[in-house]
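The following note sets out points for a colleague to consider while inspecting the model.

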Amino acid sequence: MKINNCVVRRAVDSDAAAVADVWLRSYTAALPSVRRAHTDDEVRYWLREIVVPNQEVWVATADGTVVAMMVLDGEDLDQLYVDPPWRGHGIGDRLVEVAKERRAAGLTLWTFQVNAPACRFYERHGFVEAERTDGERNEEREPDIRYVWRPAGAAL
């Protein structure tokens, strides 16, 4: 798939529905064995009313269509989802670059242990495993991993 006019920019309120669509499709494709803690409608509400208007949300668009989304919350890379047909085209890489530019002192993130492709992706981008849990602290009750990225020379 050729990426025409791919743009990474801050999300605006009118992007919320498209951000939710990307989140839902990507989660479903990447994590088929993970029980979702919220319905589609609850996810749409959360993104539309809470996340997009109040947090630092970035989108990647191709020909004006949202194809990926990322949320930065403090030093947390809180969400990063790429629409399944757009995976493997460097869009996630571009979003991680933005995250590192925006949080030059370092980043942390959580991903589920079953999401091996995400683990490889973050490790390829210099994130280091810092903690594994049994999932007791997340809504899905799914074992997860906390990753940390610090710029070269910085202490973990």
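**Notes on the predicted model**

1. Aspartate 21 has a relative accessible area of 26% and is therefore partly exposed (buried means under 20% relative accessible area, exposed over 50%, partly exposed in between, with a 1.4 Å probe and protein chains only). This is a predicted model, in which local features need pLDDT of at least 70 and side-chain atom pairs count only at pLDDT 80 or more, while totals for chains, interfaces and linings use all residues. Residues are numbered from 1 along each chain as its sequence is written, and side-chain values use heavy atoms, with hydrogens and water left out.

2. Aspartate 21 is the salt-bridge partner of arginine 44, with the closest N and O atoms 2.6 Å apart (a salt bridge is a side-chain nitrogen of Lys or Arg within 4 Å of a carboxyl oxygen of Asp or Glu). Because aspartate 21 lies in helix H1 and arginine 44 in helix H2, the pair ties together parts that are 23 residues apart in sequence. Helices (H or I, at least four residues) and strands (E, at least two) are DSSP runs, numbered from the N terminus. Arginine 44, at 28% relative accessibility, is also partly exposed.

3. How do the axes of H1 and H2 cross? The axes of helix H1 (residues 16–30) and helix H2 (residues 40–54) come within 9 Å and cross at roughly 135°, which makes H1 oblique to H2. Axes are lines fitted to C-alpha atoms, for helices over the stretch in contact, and angles run from 0 to 180 degrees between N-to-C directions. Angles under 35 degrees count as roughly parallel, over 145 as roughly antiparallel, 65 to 115 as roughly perpendicular and the rest as oblique.

4. Residues making the contact include Asp21 and Trp23 of H1 and Arg44 and Trp46 of H2 (contact means heavy atoms within 4.5 Å). By class, the contact of H1 with H2 has 10 nonpolar, no polar and four charged residues. Here Ala, Val, Leu, Ile, Met, Phe, Trp, Tyr, Cys and Pro count as nonpolar, Asp, Glu, Lys and Arg as charged, and the others, Gly among them, as polar.

5. The structure holds 12 salt bridges. One of them pairs arginine 146 with glutamate 131, the closest N and O atoms being 3.0 Å apart. This pair links distant parts of the chain, with arginine 146 in strand E7 (residues 144–149) and glutamate 131 in strand E6 (residues 128–133), 15 residues apart. Arginine 146 is partly exposed at 24% relative accessible area, and glutamate 131 is partly exposed at 24%. Salt bridges that share partners join Glu56, Arg102 and Arg103 into one network.

6. Is phenylalanine 121 buried or exposed? Phenylalanine 121, in helix H4 (residues 116–124), is buried at 14% relative accessibility. Leaving aside neighbours within four places in sequence, phenylalanine 121 contacts Gly92, Asp93 and Val96. The C-alpha atoms of phenylalanine 121 and glycine 92 are separated by 8.8 Å, and these residues are 29 residues apart along the chain.

7. Backbone geometry deserves a comment. Aspartate 63 is not a glycine, yet has a positive phi of about 50°. Aspartate 63 is found in the loop between strand E2 (56–62) and strand E3 (65–73) and is partly exposed, with a relative accessible area of 47%. Arginine 141, in the loop between E6 and E7, has a positive phi near 60° and is likewise a residue other than glycine.
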